[in-house]
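Visitor: I'm new to this one. Can you walk me through it?

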Amino acid sequence: MKILLVDDAAFVRMSLKKILDDAALGFEYVEAGDGEEAIEKYKLYSPDLVIMDITMPKMDGIAAVGRIKEIDDNARIIMCSSMGYQEKVVDAITAGAKDFIIKPYEAEKVIKSVKAVLKLDKE
């Protein structure tokens, strides 16, 4: 399975990869630094899941969710937000995101959200 990690901070993308790798779920990763790049990478790689930050330069995550959902109505997207942006989370869900996780990331919550959205808990 392929996951598109979208955040303007490389260290955030790296920390998400570490959390997911530690869970040994066997994902491949594609990375993007902003919403515009996320749309292009989505078209190129058709990932199984997108984990995307809300606040980014060029195009924010909410706008990018809307564009990705236009391309693929079945896109599975988890939004990320720092504390204090709860109203943005509602906007993200309205735009088509399946779930959200709050920064700083708690590994257990990230894994639970990824498994739920990808329906991996049927084991």
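Predicted model: local features only at pLDDT ≥ 70, side-chain atom pairs only at ≥ 80, totals over all residues.

Visitor: Fine. Start with α1. How many residues does it have, and how far does it reach?

Guide: Helix α1 covers residues 10–22, which is 13 residues. From its first C-alpha to its last it reaches 18 Å, close to the 18 Å expected at 1.5 Å a residue.

Visitor: Which residues of α1 are buried?

Guide: Val12, Arg13, Leu16, Ile19 and Leu20. Look down the axis of α1 and these buried residues fall within an arc of 120°, so they line one face of the helix.

Visitor: And what does the face turned away from the buried side carry?

Guide: On α1, that face carries the exposed residues Phe11, Met14, Lys18 and Asp22.

Visitor: OK, α5 then. What is its reach?

Guide: α5 has twelve residues and spans 16 Å between its first and last C-alpha. That is close to the 16 Å expected at 1.5 Å a residue.

Visitor: Which of its residues are buried?

Guide: In α5, the buried ones are Val110, Ile111, Ser113, Val114, Val117 and Leu118. They fall within an arc of 165° seen down the axis of α5, so they line one face of the helix. The face turned away has the exposed residues Glu108, Lys109 and Lys112.

Visitor: What does the buried side of α5 pack against?

Guide: The buried residues of α5 pack against α1, β3, β4 (77–82) and β5.

Visitor: Zoom in on Ser113. Buried or exposed?

Guide: Ser113 sits in helix α5. Its relative accessible area is 4%, and buried means under 20%, so Ser113 is buried.

Visitor: What does Ser113 touch?

Guide: Leaving out residues up to four places away in sequence, Ser113 touches Ile78, Asp99 and Ile101.

Visitor: New topic. How much space lies in the largest pocket?

Guide: About 220 Å³. The lining has 13 residues. Phe100, Ile101, Ile102, Lys109 and Val110 lie nearest the centre of the pocket.

Visitor: Which elements give two or more residues to that lining?

Guide: β5 and α5. Of the elements, β5 gives the most, with five residues.

Visitor: What's the lining like by class?

Guide: Seven nonpolar residues, one polar and five charged.

Visitor: Switching to the backbone. Which residues does the cis peptide bond join?

Guide: The cis bond joins Lys103 and Pro104, with omega about -5°. Pro104 is in the loop between β5 and α5. As a rule, most peptide bonds are trans, and most residues other than glycine have a negative phi.

Visitor: On phi, what about Ala24?

Guide: Ala24 is not a glycine, yet its phi is positive, about 50°. You'll find Ala24 in the loop between α1 and β2.

Visitor: Is Ala24 buried or exposed?

Guide: Ala24 is exposed, with a relative accessible area of 67%.

Visitor: And Lys58, what is its phi?

Guide: Near 65°, a positive value in a residue other than glycine. Lys58 lies in the loop between β3 and α3 (61–71). Its relative accessibility is 68%, and exposed means over 50%, so Lys58 counts as exposed.

Visitor: What follows α5?

Guide: Lys119 follows α5, and the phi of Lys119 is positive, near 55°.

Visitor: Last stop, Gly96. Where is it?

Guide: Gly96 is in the loop between α4 (86–95) and β5. At 15% relative accessibility, Gly96 counts as buried.

Visitor: What is Gly96 in contact with?

Guide: Setting aside neighbours within four places in sequence, Gly96 is in contact with Val65 and Lys69.

Visitor: And how are Gly96 and Ile62 separated?

Guide: They are 34 residues apart along the chain.

Technical notes. Residues numbered from 1 in each chain as written. Heavy atoms only, no water. Helix = DSSP H or I, 4+ residues; strand = E, 2+ residues; numbered from the N terminus. Expected span 1.5 Å × (residues − 1). Buried < 20%, exposed > 50% of the residue type's maximum accessible area, 1.4 Å probe, protein only. Arc of directions from axis to C-beta. 1 Å grid on protein atoms, 1.4 Å probe; cavity = no way out; pocket = protein on both sides within 12 Å on 5 of 7 lines; lining within 4 Å. Points joined across faces, edges and corners; volume = space filled by probe spheres on them. Nonpolar A, V, L, I, M, F, W, Y, C, P; charged D, E, K, R; others polar. Contact = heavy atoms within 4.5 Å.
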